[in-house]
Amino acid sequence: MHITTLTSKKFLVAVAIGLIIVILLATVPLYSPGYTVVLLSSILMYIVLTVSWVIFSGPTGYISLAPAAFFGVGVYTSALLGFVLPLPVVIGIGGLVSFCLALLVGALTLRLRGIYFVMFTFGLVELILNFVLWWEVNITGTTGRVVPTVNNTTVYYLMLITFGILLLTAYLIRRSRFGLALQSIGQNEDAAAHTGINVTALKTIAFAISAFFMGAAGAIMATRWTYIDPRIAFNPLLSFMPVLMAIFGGMGQLYGPIIGATIFTYLEEFLITRFPYYYMLIFGIIMVVAILYLPDGLVGLIQRLWKRISERKYAYT
Amino acid sequence: MKHKVLAGSFVLVAVAVFLVGVSATNSLAKDKIRIGQAIALSGPLAGGVAIAGGRIYVMWVEEVNKNGGIYVKEYGKKLPVELIRYDDKSDIGTMTKLLEKLILEDKVDFVFPPWGTAWLYAAAPVANKYGYILIGGPGGALKLKELSLPYFFQVLNFSETQAPALADIFKEVGVKSVAIIYRGDLHGVEYGEAMVPYFEKRGIEVKMKKSYPPGIKDLSPLLKEAKSLGVDAFCAASYPPGGMLLTGQAIELGINFNAFFITVTPFSPNLYRDTFGKDVVEGVMGGGAWNAKTSPGAKEFVDKFVARFGMEPDYWGGLYYWSSLQHFQQAIEQAGTLDQKKIRDIMAKKKFNTALGPFWYDKDRYFVNHPGEIGQWQKGVFEVIDPGKKRTAPPLYPKPAWPKK
Amino acid sequence: MLEVSNIDTFYGKIQALWGVSLKIDEAEIVALVGANGAGKTTLLNTISGLLHPVSGTVEFLDKRIDGLKSHAIVELGISHIPQGRKLFPDMSVRENLEMGAYAKRVWKHRQETLDKVYEIFPILKERQGQLARTLSGGEQQMVAMGRGLMSRPRLCIIDEPSSGLAPLLVDEIFRIIQGLRDQGIGIFLIEQNVQQTLEIADRAYVLENGRVTLAGESKKLLQEELIRKAYLGL
Amino acid sequence: MIVTILDVVIAGLLMGGIYALVAVGLSLQYGVARVLNVAHGEFIMLGAFITWSLYTMAGINPLVSLIICGPTVFIIGFVLYRAVFTRLRTSSASPAAFEGNSMLACFGLLFIIQNVAILIWGADIKGYTFLAFPVNFWGAVFAANRLVTLVFALVIGAVFYLFLARTRLGKGIRAAAQDPGTAGLVGVNINQVLALCFGFGALMAGLGGTLISMSYKIQPTMGLEYTIIALIVIVLGGLGSIPGSFIGGFILGLVGSIVTYIEPGLALVAYYVIFILLLLARPTGILGK
């Protein structure tokens, strides 16, 4: 970034807004009622899943339906280690296990492209789900596990910190050579390979970084559920939600997925509680209409609005 | 950069609006009792909610309001009941979140349980944490006992009461060997495992015991294998999708056993008896037995249910939930307040009369006075065939062959 | 037969054609010459309905066609043989040719038309069961041309038929094009091979930066100093 | 022993027929129209519920319902394509963007259709009994309704294969799948053909729903389960290929049947193992290019 832009007014405004948001979020548990914390934790969870999904899938264009696998691995880590290790350690381990799984899977499969990669990642979730289910029923003789719980404020702060680290990571990746290389893979993978980029290694690392945060999110959220079984931990819904939220928000900018996940989750919550019997119908209609009129997501809408505002400004001056 | 600033302000406004919206609380004069329930209205569990249990809560609220409400001394009047229902999408994370919303934000007076064993398991500690009474409805895992939550009352505890009754019936009619299959989930594992020792203790040989994954589309190999082993009885611990598939395939393939038992599914007259036909299901055994003959209250409940919904209730937990709610209502009236702690203490100690007879909880807050354990379809009636005085009809053994169509 | 009057066409946000006018009659070969990026393909796509002009008109047999979709234009009798062959790779040669007769007007007669096309390109009859993807470049060009003829066109737009072909094959293709003219079909020919094209063409247009800069009989254009310098390298 | 092997193989083929039937329509929708229709199972569900309603309320034979369900669901699919996807195709920046956008739209449709079905029919499981008697093959016994389903699946698949291979419209559909731009140049009305194609995919789903309702109990939330099976089958067999869907379906059916015989708990694990191994070994599917 240029020195002049660093000191420019706009940048200061952006930093100020960012700071206010951070302060607001960090102090929420101090003054607002208990449920806000619960809802924000859940929104933050979806933001973490969506932003970490975008780290890999945004620039490369590979649509991964594996979030549920990495999230579930985190959930199980929490269930297995939660009673013996302190929670922050468990979260780290959950992330690391997901990271390693992603390295393995990535090295094996990232040569698959397009729909085949989509299907593979989806199959992976189901394979792990069904295998864990079989293992628990036939080898350990149970299907459910109890997860130690912590209070809501702790969950909230852990999720907020994870989100902060994730945001920083995502920002640094976008601005780094690494991010540029990922972008070029998305534009033209063969050309990228010819310019000397180690395509497979880069993709695998990006995939694993994104998996780390999903695993961490899983390890945190598991503490809210008390009881888990394979169908709960590896719920395929959690694979689809980040994709939908990212498309809904728009992937061109870092803030797109954040806005997408926030509005999506809040809207869902609103509909589910106000119109429990019609929620899917209304939500479905909103999804179809949104995609018809906002093909570039909310980011596209914001950019268009901004353009109109600034054009009008210039027109008057 | 420009649109980043715009986006930032956008988020800022959203956060502000959100916080303002959330912190606006409503303080009204007490004119009704508000009860919240996060339950599956969509997703894979919605079907189960519709056939078993989901309607009982609606009907109870209507019944209470028809009588003017629940009398609470503290307010000196009868308070009508309002049921606030949210859809948990069959997702456990959504359910816990909505339950906390009901408690913390909507500040409901009481909560009703979600649907499904695992869901109940997740809901119980949440309600307990806030000191809310949770009466366990549809779902009954023994493991919940381990958590020992003072505000949690368990209504269904079938796996430990049904298995011995089933073993006794089998011994009585002369079953020598059984095949057991069970669904790979908490329900299946608990029931599947629970049956084995009771059978073995009574000298009944377990020749086959296999799990199957939820979602499997063909159970015929299991039926054929059991048939080839020549077992007398076939027992399945499954949920409605598996139970319906299993029965359908047994009929289609003409594979019959002297005794055919499924834990969850046959209890539903609407789904099970009416889908396959009264003659077809003759002799099929199922868990969770009671019927209109069990008690006068049961008959009244069936009549009310038929009048309200145009069909019979399920003969699994329906009467239990209904009675647990009647017990709950009497506890509130006796407490004369809406204070959870006071009501809880009364519920834990007192015995009240309900549709299924006297209703009380044991020291672990488990309900034990069952009207029956094992039922069997006989001429279109789900008869209780437990040994002893609960029996409404003797067991039909061997089960007649599936009728040829 | 075809009359393009004063059209402006945009490619996305960029204006690619500026006030282009031209006409083609029956039984004549009209060539379009121009450098890469001059707007040749844009012009063809505008005629065949893949793009629509922002202003100006395209008339075919005295009927306006500039608002029609490409499938409707095929029905009227204009056939577009695209650059780079664009065959259906997983269909057989015969099926590819039959696709040329997809227009309702000619579908019923496809068998007779097919026989005629096989007369012009005997090699295609031998290869009729083969998948298009397995053919050589020359054979693929023949399929593309044969497919173009299957719609029994009044006007044939042929985009770069000689690209990537051996000289002997190019001669063959050009002979066939002349044969088509002799049957009364109008030909609009776009070619890199300017010398050979102008030799067989009756008239020609030169397109530069989206504008027609020269037009006239091709014999005369061949003598033009400008053409000789810019396109023939003489 | 021989009877056991015969048992396992026939059970696998019967199951495979159902899987193929479920997958064929999706293969068409994705292979040609490039819409990854995650609401495919919802169309199957609609077919099943229409059949159920006709059977239980008017006593109409489910095999007769095929004639009613197919066209009804076809019209729904066709209209939906014209209303949503035609516009989406032009507004999306690239084919890849269209695939993402159309998937999101299909999720919306999934929600809408499922909710409407719950409002109309209620969320509970429903079913009826039809042709539920055993048929004996050299000692191996099978359900009549599943045999009928297999026969119809094969007939429907064959008819549709011939339709694509022989008719003008069928050729237009195949041409549009291979190169939509050129198909337009030779006179194919692309928007119409894609909409028809989506409609035909829905039609197959509707017919599949009718046949499935003879063997399985149905509920409004059943769709996603079948969509997942269909996705596996079309990836196994090759996208857009009708014979591929049948090969993929039969492989899945046979694997399921063999594994269920040995260790039922691993049946679904086996599906995904096969699926993942095949993707790694031959990512374009057995009949894919």
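This is a predicted model: local features need pLDDT of at least 70, side-chain atom pairs count only at pLDDT 80 or more; totals for chains, interfaces and linings use all residues.
Me: How do you know which residue a label points to, and what was counted?
Reply: Residues are numbered from 1 along each chain as its sequence is written, and chains are lettered from A and ligands numbered from 1 in the order in which they are written. Local features need pLDDT of at least 70 and side-chain atom pairs pLDDT 80 or more, while totals for chains, interfaces and linings use all residues; side-chain values use heavy atoms, leaving out hydrogens and water.

Me: How much area do chain A and chain B bury between them?
Reply: About 4,800 Å², 72% of it on carbon and sulfur atoms. Buried area is the accessible area (1.4 Å probe) that two parts lose on being put together, summed over both. A:Tyr35, A:Tyr227 and A:Trp306 supply 14% of what chain A buries against chain B, more than any other three residues.

Me: Why is the meeting of A:Glu268 and B:Lys89 called a salt bridge?
Reply: The term asks for a side-chain nitrogen of Lys or Arg within 4 Å of a carboxyl oxygen of Asp or Glu. The side chains of A:Glu268 and B:Lys89 meet at 3.0 Å, N to O, so the pair qualifies. The count between chain A and chain B is 4 salt bridges, whereas between chain D and chain A it is 0.

Me: What is buried between chain D and chain A?
Reply: The area is about 3,700 Å², and carbon and sulfur atoms give 80% of it. D:Leu104, D:Phe111 and D:Leu280 supply 19% of the area that chain D buries against chain A, more than any other three residues.

Me: Why is C:Ser218 called buried?
Reply: Buried means under 20% relative accessible area, exposed over 50%, and partly exposed in between (1.4 Å probe, protein chains only). C:Ser218 has 0% relative accessibility, so it counts as buried. Among the residues that C:Ser218 touches are C:Leu198 and C:Arg203.

Me: What makes the span of helix H10 of chain B close to the expected one?
Reply: Helices are DSSP runs (H or I, at least four residues), numbered from the N terminus. The expected span is 1.5 Å times one less than the number of residues. H10(B), residues 240-253, has 14 residues and reaches 20 Å from its first C-alpha to its last, close to the 20 Å expected.

Me: Why is H10(B) described as largely enclosed?
Reply: Because 13 of its 14 residues are buried, H10(B) is largely enclosed by the rest of the structure.

Note on methods. Contact means heavy atoms within 4.5 Å. Helices (H or I, at least four residues) and strands (E, at least two) are DSSP runs, numbered from the N terminus. Lists of a residue's contacts leave out its neighbours within four places in sequence.
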